[in-house]
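Q: Please take a close look at how side chains pair in this model, and follow those pairs into the parts of the chain around them. I would like one connected account.

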Amino acid sequence: MSSTVNGNQLDAPPLVRGMTWEEMTVGMRFRTASRTITEADLVAFITLCGFNEPLFWEADHAAAAGYAGRLVPGALTYAMAEGLVIQSHALHGTGLAFMHMELDVRRPVLVGDTITAVVEVTESRPASKPGRGVVGSTVTVFNQRGEDVLAFTPVRLIRGRDYVEAQKEGTDG
């Protein structure tokens, strides 16, 4: 397999391209793929991030608090939902910055639950610099029973149709 730079191999268009802010119109909605949260996901997350709370480590402790299974931290549910949004490729190559977010944990998520996110654009406007826009959305996360378990409202800086790449140091032009 060749990866010739000047000989035509790399000038093929990308298969996936994210949307510009102009394409993200208020009211636009899409649903992501789904993902089941496993015991391995929970253990990896709480170990990596230091969530060494008995509520997440000990099934008996969670049961004593009234939970019917292994409780998943809201932060893990958010991270997986944001991953599902990223995997949708809606922002592929067009995202510039994650600027702000509000988060609302609505219901418990347990190991074995399957989550899906629905994204709805709530704001889309030009930014102060040309070629960029600010896009706000509400991302609602649902479990396999259709219950909303978490919602967050990211505000992102997104490339526009007329975005111009920044010049790298040491290049002409």
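A: A residue counts as buried under 20% relative accessible area, as exposed over 50%, and as partly exposed in between, using a 1.4 Å probe and protein chains only. The model is predicted, so local features need pLDDT of at least 70 and side-chain atom pairs count only at pLDDT 80 or more, while totals for chains, interfaces and linings use all residues. Residues are numbered from 1 along each chain as its sequence is written, and side-chain values use heavy atoms, with hydrogens and water left out.

Start with the rings. A pair of aromatic rings is described by the distance of the centres and the angle of the planes. Here, rings of Phe, Tyr and Trp (its six-membered ring) pair if their centres lie within 6.5 Å; planes under 30 degrees apart are stacked, over 60 edge-to-face, and the rest tilted. Three aromatic pairs are present in the structure. One of them joins Phe45 and Phe51 in a tilted arrangement, with 5.2 Å from centre to centre and 55° between the planes. Phe45 is buried, because its relative accessible area is 14%. Phe51, at 28% relative accessibility, counts as partly exposed. Another pair is edge-to-face: Tyr78 and Phe152 stand 4.8 Å apart, centre to centre, with 85° between the planes. Tyr78 belongs to helix 4 (residues 74-87) and Phe152 to strand 8 (residues 148-152), so this pair ties together parts that are 74 residues apart in sequence. Helices (H or I, at least four residues) and strands (E, at least two) are DSSP runs, numbered from the N terminus. Phe152 has a relative accessible area of 0% and is therefore buried. Ring pairs also link Phe45, Phe51 and Phe56 into a cluster.

Helix 1 (residues 39-49) packs against helix 4 at an angle of about 110°, with the axes 10 Å apart. Helix 1 is therefore roughly perpendicular to helix 4. Axes are lines fitted to C-alpha atoms, for helices over the stretch in contact, and angles run from 0 to 180 degrees between N-to-C directions. Angles under 35 degrees count as roughly parallel, over 145 as roughly antiparallel, 65 to 115 as roughly perpendicular, and the rest as oblique. Helix 1 contributes Asp41, Leu42 and Phe45 to the contact, and helix 4 contributes Ala75, Leu76 and Met80. Contact means heavy atoms within 4.5 Å. Of the residues in this contact, five are nonpolar, none is polar and one is charged. In that count, Ala, Val, Leu, Ile, Met, Phe, Trp, Tyr, Cys and Pro are nonpolar, Asp, Glu, Lys and Arg are charged, and the others, Gly among them, are polar.

Side chains of opposite charge can pair when their charged atoms come close. A salt bridge is a side-chain nitrogen of Lys or Arg within 4 Å of a carboxyl oxygen of Asp or Glu, and the structure holds 10 of them. In one of them, Asp148 meets Arg107 at 2.7 Å, N to O. This pair links distant parts of the chain, with Asp148 in strand 8 and Arg107 in the loop between strand 4 (103-105) and strand 5 (109-110), 41 residues apart. Asp148 is partly exposed at 22% relative accessible area, and Arg107 is partly exposed at 36%. Asp104 and Arg106 form another salt bridge, at 3.0 Å, N to O. Asp104 is partly exposed, at 37% relative accessibility, and Arg106 is likewise partly exposed, at 40%. Arg159 pairs with Glu165, their closest N and O atoms being 2.8 Å apart. Glu165 counts as exposed, at 53% relative accessibility. Through shared partners, salt bridges join Asp104, Arg106, Arg107 and Asp148 into one network.

Helix 4 also leads on to a loop. His89 lies in the loop between helix 4 and strand 3 (95-100). Most residues other than glycine have a negative phi, and most peptide bonds are trans. Phi of His89 is near 70°, a positive value in a residue other than glycine. His89 is partly exposed, at 34% relative accessibility. Gly18, in the segment before strand 1 (29-36), is buried, with a relative accessible area of 0%. Leaving aside neighbours within four places in sequence, Gly18 is in contact with Glu23, His89, Ala90, Leu91, His92 and Thr94.
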